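Q: Can you walk me through this one? I'd like the overall fold, then the charge pairs.

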Amino acid sequence: MRKVIIDCDPGIDDSLALMLALSSPEIEVIGITIVCGNTPVDMGFENAKKILKFMHRLDIPIYKGATQPLKKPYVDALDTHGADGLGESFLDPVPGYEQKMDAIEFLSKTLKQEPCTVIAIGPITNFAQLIAKDPAAFEAIDTFISMGGTYKAHGNCSPVGEYNYWEDPEAAKIVYAHTKMIHMIGLDVTRQIVLTHEILDAWEPKNKKVTDFIRKITSFYFTFHWHQEHLKGCVINDPLAIAYVIDPSICSGFKAYTDIETDGITRGESVVDAYDFYHKPANAKILTQVDVSKFFTLFESRVIDHEEN
């Protein structure tokens, strides 16, 4: 069982990612850290609790992290995720659960104790702050997975900018500069993971409770994608990062030196040196191919067929 920390900004697709992680015996979620992104930190903290309650896993600690990007003004994504960040499902709040330490303290303490994989599915501000405070803890990360960026696919905040890196490009630049090897699960692969009403209809007879829950939190997402992109479905980016940790054969790609642009019309762009122009050591594995069928088979077998649900 692989120990993982999930850094997230719940968020509809973050919530689906948490559901997949908590349903998979290959990984043990030892903590969840929250960053400002899709939702403000306090809202993300509340939403994470709601998902843990639904999954009967309130034993997992959640820690609040960065409330603002390093330099840029904070811009949430509630237009995409709804006023409550969970598709305006307005689930009942889960009281309590405050932790004595914040996300950076938890990461600093935990990462140096034992090998651990980090799955970051929001802006990576917490890790830029960790590098500044305790670089040894960051260096101790066993594997760093980041849902963010884009290589050849178009962006979702600009023609070239993916939201997580666009939101805090300075943080992304710092993390890429300090990592030994970051696995970039970008829009090239996540744009292909499209949840449809037909898929939900197929799941419903197998597990109505979970399917109804997914419908409830994704309905707003479906509407957003139709109005924004005329897509009959919704792109669920973040669960792919979890699936990749469970089964790396789901995605493939190549290694290259990568940097992040911080300003102007290319803010947040992932500059991937695919042709070794700079002759710098590769610091990223850029995932470019995905087995969509294998992903949905995995998600269904874990989340929909999960016995405790």
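**Burial and charge pairs**

Q: What share of the residues is buried?
A: Buried residues account for 60% of the 309 in the protein chain. Buried means under 20% relative accessible area, exposed over 50%, partly exposed in between, with a 1.4 Å probe and protein chains only.

Q: What should I know about the model?
A: This is a predicted model: local features need pLDDT of at least 70, side-chain atom pairs count only at pLDDT 80 or more, and totals for chains, interfaces and linings use all residues. Residues are numbered from 1 along each chain as its sequence is written, and side-chain values use heavy atoms, leaving out hydrogens and water.

Q: How many helices and strands?
A: The protein chain has 13 helices and eleven strands. These are DSSP runs numbered from the N terminus: helices are H or I, at least four residues, and strands are E, at least two.

Q: Switching topic. How many salt bridges?
A: The count is 17. A salt bridge puts a side-chain nitrogen of Lys or Arg within 4 Å of a carboxyl oxygen of Asp or Glu.

Q: Which residue pairs with K173?
A: D259, with the closest N and O atoms 3.0 Å apart. K173 is in helix α8 and D259 in strand β9, 86 residues apart.

Q: Is K173 buried or partly exposed?
A: Partly exposed, at 32% relative accessibility. D259 is also partly exposed, at 22%.

Q: And where do K208 and D212 lie?
A: Both are in helix α11, four residues apart, about one turn. D201, E204, K208, D212 and R215 form a salt-bridge network.
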